[in-house]
Amino acid sequence: MLKRIFLIIITTLTVRSFAQGLESANLIRQESSPTIGESSILAKPIVVNKIIAYVNKRIITANELAVQMQQARINLAQKGIPIGNESDFRNQVLDQMVMQQIQLDFANKSGIKTSDSEISDAISANEQAQHITDAQMQEKLAQNGISYQQFRQQIGDQITIEKFKQREVDGRIVINDDEINRILNSETYKNKIDYHLSDIMLAFPEQATQDLINQKQQLADQVYTLLKQGKPFEQLSIKYSSAPNALNGGDLGWKSNTTLPPLILAQISKLKTGEVSPVIKLPMGFFIFKLNGIKQHGSPQIVTQYHVRHILIKVNELTGDDEAQHKIIELRNKIIQYANNPQQESAEFVNLAKQYSEDASSIKGGDIGWVSKGDTVPKFEQTVFTTPIGQISQPIRTPFGWHILEVLETKETNLANAKEKAEIRQGLRDSKAQMLYVEWIRNLRELAYVKINNQ
């Protein structure tokens, strides 16, 4: 189980001793004592920054919470989701900050880092997507009360957490051809339907007592009753849900009936748009789903395929992350020095792939053939889709290690069956990832020391 993997965490006793030390520390400063001849009015304590929570060896302050609440308000307002009770909203934001800090701690202990250049690249991509300049981005942030440095820090934290998640969750998901073919040939697939879902999750620990499970069951039943009485689903998600998407109103996006777990599908398929499911018990907690929309899935006809080759340097016990990254950068520099001579650049890529790539494709000079959407892990796939033909990509990190890749050519092919398989593969990956992610987060929380100060 995941618990055994994360035994690198420091002992609870050590963490608690540290936290107790922080609690006993002086969190206020005194004004200068009056000198002779000056007023004898007693100095008043001035609060510097109140500590809201202890998370392992770190703290969350009132100022940090205020910034995150402001950003969450903006995000919810843009989606038209009312906040509802301010206390519930604050608690949900704080809970997500705690979970983020726990993940950052474990990522740091695992040696996962994010460089300044990665942060700059992510911000640049964000600006390009919004069609704004760097100056306009900074102005937009300032209007929302967010400094550019805070923004960079948040982006860096998000990248670090995503790397950690890719390694510990995404990298463990296996989709085999038998699973895909069973779905493709099933009666369900012939009547394929997509559901736009939201959920509320009331989680319980892996080793929960029956009393605790019963308490969660009663609370889930109460939430279901409130929903049937017309209480907004989004507000109850913010108040009660322990799912990572709680501050997003519980929105799960579109899910196919071919990849939803049978226990969930059995309830979802009975609903009309706007209705909620009864309480469903799963291994990680109790769930309530809302059906936001339904659409029939048309038969795809055209699929874009990409002819790709790559070089992989794996990260393992013998080769650390920094060493692998340095090696892949070195190999890329050797290749792009021939950028003005395509034939020589191509020959150098093949030669270096055969010498250094730690993938089965090395024997073919790194050539992995034609790939389509859903065939590879998300980070690799995104790079394939965005790298111009004939150019060598920037180094990328996936659960397998560090890569560079080149797209040799693309083609549009009438491969309805291949497209369907790709969509099934991606749907299965998303479904498995979501459940594994919820379990993974729950186990991380159990391993951490968390103390919330009473307000």
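## Cavities in the model

How many cavities of 30 Å³ or more does the structure hold? There are two. Rolling a probe the size of a water molecule over the atoms shows where empty space is left. Here, a cavity is a set of points, on a 1 Å grid over the protein atoms alone, where a 1.4 Å probe fits but cannot get out. A volume is the space filled by probe spheres set on the points, with grid points joined across faces, edges and corners.

Before we go on, a word on the model: it is predicted, with local features needing pLDDT of at least 70 and side-chain atom pairs counting only at pLDDT 80 or more, while totals for chains, interfaces and linings use all residues. Residues are numbered from 1 along each chain as its sequence is written, and side-chain values use heavy atoms, leaving out hydrogens and water.

## The largest cavity

The largest cavity has a volume of about 100 Å³. Its lining (residues with an atom within 4 Å of a point) is made of 13 residues, and Lys255, Leu260, Pro261, Gln434 and Met435 lie nearest the centre. By type, the lining holds eight nonpolar, three polar and two charged residues. In this sorting, Ala, Val, Leu, Ile, Met, Phe, Trp, Tyr, Cys and Pro are nonpolar, Asp, Glu, Lys and Arg are charged, and the others, Gly among them, are polar.

Which elements build this lining? Strand 5 (193–203), strand 6 (251–256), strand 8 (285–296) and helix 16 (416–447) each supply at least two residues. Helix 16 gives the most, with three residues. Helices (H or I, at least four residues) and strands (E, at least two) are DSSP runs, numbered from the N terminus.

## A look at His196

His196 can be found in strand 5. Contact means heavy atoms within 4.5 Å, and, not counting residues up to four places away in sequence, His196 touches Asp251, Gly253, Trp254, Lys290, Leu291, Asn292 and Gly293. Between the C-alpha atoms of His196 and Asp251 there are 8.2 Å, although these residues are 55 apart along the chain.

## The second largest cavity

The second largest cavity has a volume of about 80 Å³. Among the residues lining this cavity are Ile112, Lys113, Asp321 and Pro399. Two of its lining residues are nonpolar, two are polar and five are charged.

Helix 7 (148–168) and strand 11 (396–398) each supply at least two residues of this lining. The largest share, three residues, comes from helix 7.

Now for an open sheet: its three strands stand in the order 4-3-13, with antiparallel pairing. Two strands pair if DSSP finds at least two bridges between them. Strand 4 (58–61) and strand 13 (450–452) are at the edges with a single partner strand each, so one side of each has no neighbour in the sheet. From one strand to the next, the twist averages 20 degrees.

Strand 3 (residues 51–55) and strand 13 are joined by three bridges, and Val55 has Val450 as its bridge partner in strand 13. Helix 3 (residues 62–78) packs on the sheet, touching strand 3 and strand 4, and its direction makes about 60 degrees with that of strand 4. Helix 4 (residues 86–109) also packs on the sheet, touching strand 3, strand 4 and strand 13, and its direction makes about 35 degrees with that of strand 3. For these angles, which run from 0 to 180 degrees between N-to-C directions, axes are lines fitted to C-alpha atoms, for helices over the stretch in contact.

Technical notes. 1 Å grid on protein atoms, 1.4 Å probe; cavity = no way out; pocket = protein on both sides within 12 Å on 5 of 7 lines; lining within 4 Å.
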